[in-house]
Amino acid sequence: MTQFRLTQISDTHLARRFALLTDNFQKISAHIDATRPDLVINTGDVSFDGPNSREDMVFAKELHDALPVECRYLPGNHDIGDNPTAVAPAPAQLPTKQTCGAFTSVFGHDRWSFEAAGWRFIGLNSLIMNTGLDGEAAQFDWLASELDKTAGKPVALFIHKPLYRELPDDAEQTATSFRYVPQPARQRLIEMFGKVDWRLVCSGHVHQRRDYTFGRVRHVWAPSAGFTVPDARQETIGIKETGLVEYRFQPDSFEVRHVRAKGQLDVDLDVLLRGEPAH
């Protein structure tokens with residue numbers, strides 16, 4: 001395979017009770033049906049409340065199963081719970097062995113690795129990091145083994161949370177690490193990927209579209225497929241809109257295209273929670 005076309009969606013937050021989010025997903029589904037990439041990756045928050053509602057995850061999986069191409073999944077904080085950090089109170093819902101198991105029982109895997117078009121693609125469960133669960137150590141061991149297999153190929157990493165905002169060790173980002181992969185797991189990842197030809201990291205979580213390069217690594221933040229977060233709840237870092245990201249990989253190169261599906265709406269989170277119609 002000399003070319004590999006991949007579509008990234010993220011933060012779909014699907015649940016049967018939120019018709020606006022289902023409608024946005026159906027718009028994305030129509031776009032995927034028209035463009036027919038080789039693979040779709042959902043980088044997390046697939047469901048609206050996975051830790052407390054298996055039905056949300058099952059509903060989300062049913063909608064993804066209707067897509068005309070293969071899908072791979074990674075968990076987000078709305079799927080299994082959020083990371084603990086060294087600088088803030090523990091989240092209301094921490095990842096547990098049970099929530100991680102519930103995710104994999106529905107979606108199959110919470111980490112994966114494969115090769116296509118001369119690239120190595122690696123997807124990681126970023127929410128299990130810093131939890132101390134057995135699965136965290138097992139994932140790092142697995143990652144070391146997978147990186148040993150790259151054999152000089154360029155590497156693309158997919159995770160739910162961005163690694164950082166501007167700089168790997170920025171003090172502000174450490175203090176707000178609920179938004180990014182928390183320390184010290186972040187530094188460990190950077191050091192491990194620094195030993196291979198790492199070119200790209202693709203994430204979601206922030207519900208804002210962003211694209212920048214630090215060193216040799218391009219960082220692409222996919223926007224939410226479902227809704228935007230109002231300024232009163234979240235500062236503006238990138239572009240607040242719904243959408244998706246398309247990639248075209250060839251040996252030793254790649255292209256990124258930022259797109260919106262036809263008819264996709266910028267559903268406001270406050271409007272969604274109040275149950276009002278979108279405009």
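1. On helix 5, the exposed residues Asp134 and Asp141 sit on the face turned away from the helix's buried side. This is a predicted model, and the points below should be read with that in mind.

2. The buried residues of helix 5 are Glu136, Gln139, Phe140, Trp142, Leu143, Glu146 and Leu147. They lie on the same side of helix 5, because the arc they cover around the axis is only 165 degrees. An α-helix has 3.6 residues a turn, so residues three or four places apart point the same way.

3. What do the buried residues of helix 5 pack against? Their partners are strand 4 (112-116), strand 5 (119-123) and helix 7 (185-193).

4. The length of helix 5 (residues 134-147) agrees with expectation: its 14 residues should span 20 Å at 1.5 Å a residue, and its end C-alpha atoms are 20 Å apart.

5. Buried in helix 1 are Leu20, Leu21, Thr22, Asn24, Phe25, Ile28, Ser29, His31 and Ile32. Just after this helix comes Arg36, with a positive phi of about 50 degrees.

6. A polar atom of the Asn24 side chain lies 2.9 Å from the backbone oxygen of Gly226. Leaving aside residues up to four places away in sequence, Asn24 touches Ala225, Gly226, Thr242, Gln264, Leu265 and Val267.

7. Turning to the sheet: 5 strands form an open sheet in the order 3-2-1-11-12, and the pairing is mixed. Which strands stand at the edges? They are strand 3 (71-73) and strand 12 (253-259); each has a single partner strand, so one side of each is left without a neighbour in the sheet. On average, neighbouring strands of this sheet are turned by 20 degrees against each other, direction ignored.

8. Within this sheet, strand 1 (residues 4-9) and strand 2 (residues 39-42) run parallel and are joined by 4 bridges. Leu6 has Leu39 of strand 2 as its bridge partner. Helix 2 (residues 54-65) packs on the sheet, where it touches strand 1, strand 2 and strand 3. The direction of helix 2 makes about 150 degrees with that of strand 3.

Terms used: Residues numbered from 1 in each chain as written. Predicted model: local features only at pLDDT ≥ 70, side-chain atom pairs only at ≥ 80, totals over all residues. Heavy atoms only, no water. Pairing = 2+ DSSP bridges. Helix = DSSP H or I, 4+ residues; strand = E, 2+ residues; numbered from the N terminus. Axes fitted to C-alpha atoms, helices over the stretch in contact; angles between N-to-C directions. Contact = heavy atoms within 4.5 Å. Expected span 1.5 Å × (residues − 1). Buried < 20%, exposed > 50% of the residue type's maximum accessible area, 1.4 Å probe, protein only. Arc of directions from axis to C-beta. Polar contact = N/O pair within 3.5 Å; in protein donor to acceptor, adjacent residues only side chain to side chain.
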